[in-house]
Amino acid sequence: MALIKLENVTLDYPVQAWKSDRKRASSGEKPIGGQLSSGQAGQMVVRALDQLSLTLGPGDRLALLGHNGAGKSTLLRVMAKLYAPTHGRVTIQGRVAPLLNLGFGLDMDSTGFDNIFIRGLFLGMTKAELKKKADTIAEFSELGDFLDLPMRTYSSGMRARLAFAISTHVETDILLLDEVVATGDARFFKKANEKLESFARDSKLLVLASHSNKVLRDLCNKGLLLEHGRVKAFGPIDEVIETYAASAGVDAKDG
Ligand SMILES: Nc1ncnc2c1ncn2[C@@H]1O[C@H](COP(=O)(O)OP(=O)(O)OP(=O)(O)O)[C@@H](O)[C@H]1O
């Protein structure tokens with residue numbers, strides 16, 4: 001069973017009050033960031049998510065779209081239960097594997113192979129499960145002898161491969177991805193796509209944030225367009241990409 005239900009979810013980040021007399025060029029009509037305002041007791045906040053409601057079930061593959069700072073990563077973190085909402089309710093049913101930050105649950109001084117166990121345990125796998133799957137994960141990553149070297153010697157694409165290989169071999173119902181799939185090289189990207197497609201075919205639930213329309217079109221069937229933390233559009237992926245492109249004044253075929 002995979003379910004994500006958000007009811008009127010608002011998330012405020014408290015920030016240090018700032019004071020500046022400096023004149024800055026305004027962003028004009030171009031949307032950027034969440035909403036800056038003063039919250040309770042005059043504390044300044046960035047409202048990253050504003051009264052967001054959404055229900056996703058098995059087979060839903062949701063793309064998160066929107067300008068820089070629209071709230072995509074924050075929404076993924078709320079779905080991963082890393083952040084509790086300031087207001088509203090979040091209901092998650094099923095096991096969740098978040099792949100949001102490539103450093104998360106990885107130890108840079110340990111080898112790639114040891115990190116399969118470190119991150120696997122972090123994602124809720126048991127030692128017995130990991131013993132069975134470690135070789136398959138290692139093979140999927142195609143890192144070969146590099147698996148015996150400390151992870152700090154890896155390029156970001158190599159780290160992404162390993163983190164992706166581990167997260168997608170966990171027995172999970174919900175996969176949350178932030179940009180990372182685009183990190184590997186072209187061939188690994190294709191393989192990663194196929195893995196995600198088979199994941200989605202098994203009626204699992206996928207939520208993915210990316211600025212690449214191609215990635216979103218290939219992997220997702222629904223889109224959610226955020227603007228300053230609010231839902232601007234929700235529906236079939238192609239329609240939402242069109243809406244976003246029209247509002248940003250670019251061609252939907254780009255990117
Ligand atoms: N730790 C934090 N403390 C304060 N404000 C934050 C923090 N993290 C994010 N924000 C603010 O919340 C808003 C939403 O940020 P978020 O990272 O969710 O956007 P995003 O849509 O993922 O952006 P991008 O496409 O640039 O990655 C932004 O205005 C950002 O400045």
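Helix axes here are lines fitted to C-alpha atoms over the stretch in contact, and the angles between them run from 0 to 180 degrees between N-to-C directions. With that in hand, let us walk through this predicted model.

**Two packed helices**

Helix α3 (residues 127-141) packs against helix α4 (residues 156-169) at an angle of about 140 degrees, and their axes lie 9 Å apart. Angles over 145 degrees would count as roughly antiparallel and 65 to 115 as roughly perpendicular, so α3 and α4 are oblique to each other. The crossing of α3 past α4 is right-handed. The table shows who makes the contact.

| Helix | Residues in the contact |
|---|---|
| α3 | Lys-133, Thr-136, Ile-137, Phe-140, Ser-141 |
| α4 | Arg-161, Leu-162, Ala-165, Ile-166, His-169 |

By type, the residues of this α3 and α4 contact are five nonpolar, three polar and two charged.

**Around the ligand**

Now to the ligand, which has 14 residues around it; Tyr-13, Gly-33, Asn-68, Ser-73 and Thr-74 are the closest. Two or more shell residues come from each of β1 (3-15), β3 (44-56) and α1 (72-79). Which element gives the most to the shell around the ligand? That is α1, with three residues.

**A look at Ala-245**

Finally, Ala-245 sits in helix α7 (residues 237-248). Ala-245 has 17 other C-beta atoms within 10 Å, so this residue is partly exposed. Although Ala-245 and Gly-66 are 179 residues apart along the chain, 9.9 Å separates their C-alpha atoms.

Notes
Residues are numbered from 1 along each chain as its sequence is written. This is a predicted model: local features need pLDDT of at least 70, side-chain atom pairs count only at pLDDT 80 or more; totals for chains, interfaces and linings use all residues. A residue is near a molecule or strand if its C-beta atom, placed from the backbone, lies within 6 Å of it. Helices (H or I, at least four residues) and strands (E, at least two) are DSSP runs, numbered from the N terminus. Angles under 35 degrees count as roughly parallel, over 145 as roughly antiparallel, 65 to 115 as roughly perpendicular and the rest as oblique. A crossing is left-handed if the near helix is turned anticlockwise from the far one by less than a right angle, and right-handed if clockwise. Two residues are in contact if their C-beta atoms, placed from the backbone, lie within 7 Å. Ala, Val, Leu, Ile, Met, Phe, Trp, Tyr, Cys and Pro count as nonpolar, Asp, Glu, Lys and Arg as charged, and the others, Gly among them, as polar. A residue is buried if 20 or more other C-beta atoms lie within 10 Å of its own, exposed if 12 or fewer, and partly exposed in between; C-beta atoms are placed from the backbone.
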